[in-house]
Amino acid sequence: MYHFIINPHSQSGKGYPIWLRLEKKLKRKNIEYTPHLTRYPGHARELAAALTTPSCDADKEERILIIMGGDGTLNEVIDGLTFRVPATVGYIPTGSGNDFARSMRLPKRPGQALKHILNPKYLPYIDYGTASFGRSDLTHRRFAVSCGIGLDADICQALFTSKLKEWTNRFYIGKFSYILVGIRQIARMQTCSGYLELDRSRRINLKRIAFISSHIQRYEGGGFLFSPQANAGDGLLDLCVIASTNRLKILPVLLASKFGRHCNMRGVHHYRCKEAFIHMDKPRHVHTDGEIFSPQTDLTLSCFERCLRIIL
């Protein structure tokens, strides 16, 4: 039994017609499946929690959850898993960024992705990360791709409120919306000071921070290689710190990161750890896989090694 969790509004409303085409293929092949269409933000998380909660003590049957949507839908499902029964996750990318699929080298076309899922070659376990923040109302959120604080989260926030992403998706150039919005956000960029604490043993003071991103996967933001050495199976977080007060110098760094050639540029620092604590002297937006949260000053990150089983 395959449980399909479908975001019908992914790719600016094209998700549902794509699902109808895939459903015809499932019926022709006599595949047993149950569709679950998301109706509101957070619904995919609720569906994943319900599907991975056993109905009784004897209910230990494996769940196969196939996610059809963007990185945000994938994020909600992974965040909702209870791990109370064995669960395997497959992914059909129909978002605009699709960084998880790009990093894991999954098929980009929905039809090919479905064929790949029905005839899997590997079922490996990969890492996921958690972000914890907030004081009076502590929030814990899993992430499968990346978590960031600062400029990259500001770009995600701007995309969420802009119609540009919807317009570019209509012409299948959604990844360019990240670049265009990014240029606008650089013009408005604010930096701050703070520090990193790695694995509770090493403290690094930082100045003029534009943003800090933490990676499980290599790609973020529609194909930017902020941490080209990130490995989803090594049990470590890869942190990229970009610092500069000069807006004109930030743009070349971001353009170089599109090809992973920014690592030795001035103001760019990389760290690897299992846990990290980030402190900023000013509240900055936080994102997990592109999902935005209110500005924070403190952020705790952890890596959970090879806890998530996926279809490759």
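Q: Which residue in β12 stands opposite Ile149?
A: Ile149 stands opposite Val286. This is a predicted model, in which local features need pLDDT of at least 70 and side-chain atom pairs count only at pLDDT 80 or more, while totals for chains, interfaces and linings use all residues. Residues are numbered from 1 along each chain as its sequence is written, and side-chain values use heavy atoms, with hydrogens and water left out.

Q: What makes β7 and β12 a pair of strands?
A: Strands (E, at least two residues) and helices (H or I, at least four) are DSSP runs, numbered from the N terminus. Two strands pair if DSSP finds at least two bridges between them. Three bridges join β7 to β12 (residues 275–288), so the two strands pair. They run antiparallel.

Q: How do you know that β7 also pairs with β9?
A: Five bridges join β7 to β9 (residues 202–215). That meets the bridge rule, so β7 and β9 pair. These strands also run antiparallel. Ile149 has Ile212 as its bridge partner in β9.

Q: Why is β7 called largely enclosed?
A: Buried means under 20% relative accessible area, exposed means over 50%, and partly exposed lies in between (1.4 Å probe, protein chains only). Five of the five residues of β7 (residues 146–150) are buried, so the rest of the structure largely encloses this strand.

Q: Which strands does β3 join by bridges, and how do they run?
A: Five bridges join β1 to β3, and these two run parallel. Seven bridges join β3 to β4, again running parallel. Phe4 has Ile66 as its bridge partner in β3. Gly69 stands opposite Pro93 in β4.

Q: What makes β3 mostly covered?
A: Six of the seven residues of β3 are buried.

Q: Why is α4 called largely enclosed?
A: Ten of the ten residues of α4 (residues 71–80) are buried, so the rest of the structure largely encloses this helix. Among them are Asp71, Leu74, Glu76 and Asp79.

Q: How do you know that the span of α2 is close to the expected one?
A: The expected span is 1.5 Å times one less than the number of residues. Helix α2 (residues 15–28) has 14 residues, and 20 Å is expected. From first C-alpha to last, α2 reaches 20 Å.

Q: What puts the buried residues of α2 on the same side?
A: The buried residues of α2 are Gly15, Ile18, Trp19, Leu22, Glu23 and Leu26. They cover an arc of only 140° around the axis, which puts them on the same side of α2. The arc is that of the directions from the helix axis to the C-beta atoms. On the other side of α2, Arg21, Lys24, Lys27 and Arg28 are exposed.

Q: What do the buried residues of α2 pack against?
A: They pack against β1 (2–6), α1 (10–13), β2 (33–37), β3 (63–69), β4 (87–93) and α6 (110–118).

Q: Why is Asn30 called exposed?
A: Its relative accessibility is 71%, so Asn30 counts as exposed. Asn30 lies in the loop between α2 and β2. Its phi is near 55°, a positive value in a residue other than glycine.

Q: Why does Phe83 count as partly exposed?
A: Its relative accessibility is 36%, so Phe83 falls in the partly exposed class. Phe83 sits in the loop between α4 and β4. Its phi is positive, about 60°, although Phe83 is not a glycine.

Q: Why is Ser103 called buried?
A: Ser103 has 13% relative accessibility, so it counts as buried. This residue is found in α5 (residues 99–104). Contact means heavy atoms within 4.5 Å. Leaving aside neighbours within four places in sequence, Ser103 is in contact with Gln217, Arg218 and Tyr219.

Q: Which residues does His116 contact beyond its neighbours within four places in sequence?
A: His116 is in contact with Leu106, Pro107, Ile311 and Leu312. His116 has its place in α6. The C-alpha atoms of His116 and Leu106 are separated by 8.4 Å, with the two residues ten apart along the chain.

Q: Which residues line the largest cavity?
A: Its lining is Tyr91, Leu106, Pro107, Ala113, His116, Ile117 and Ile311. The helix α6 gives the most to this lining, with three residues. On a 1 Å grid over the protein atoms alone, a cavity is a set of points where a 1.4 Å probe fits but cannot get out, and lining residues have an atom within 4 Å of a point.

Q: How many cavities of 30 Å³ or more are there?
A: The count comes to one. The largest cavity holds about 40 Å³ of space. Grid points are joined across faces, edges and corners, and a volume is the space filled by probe spheres set on the points.

Conventions. On a 1 Å grid over the protein atoms alone, a cavity is a set of points where a 1.4 Å probe fits but cannot get out, and a pocket is an open set with protein on both sides within 12 Å along at least five of seven lines; lining residues have an atom within 4 Å of a point.
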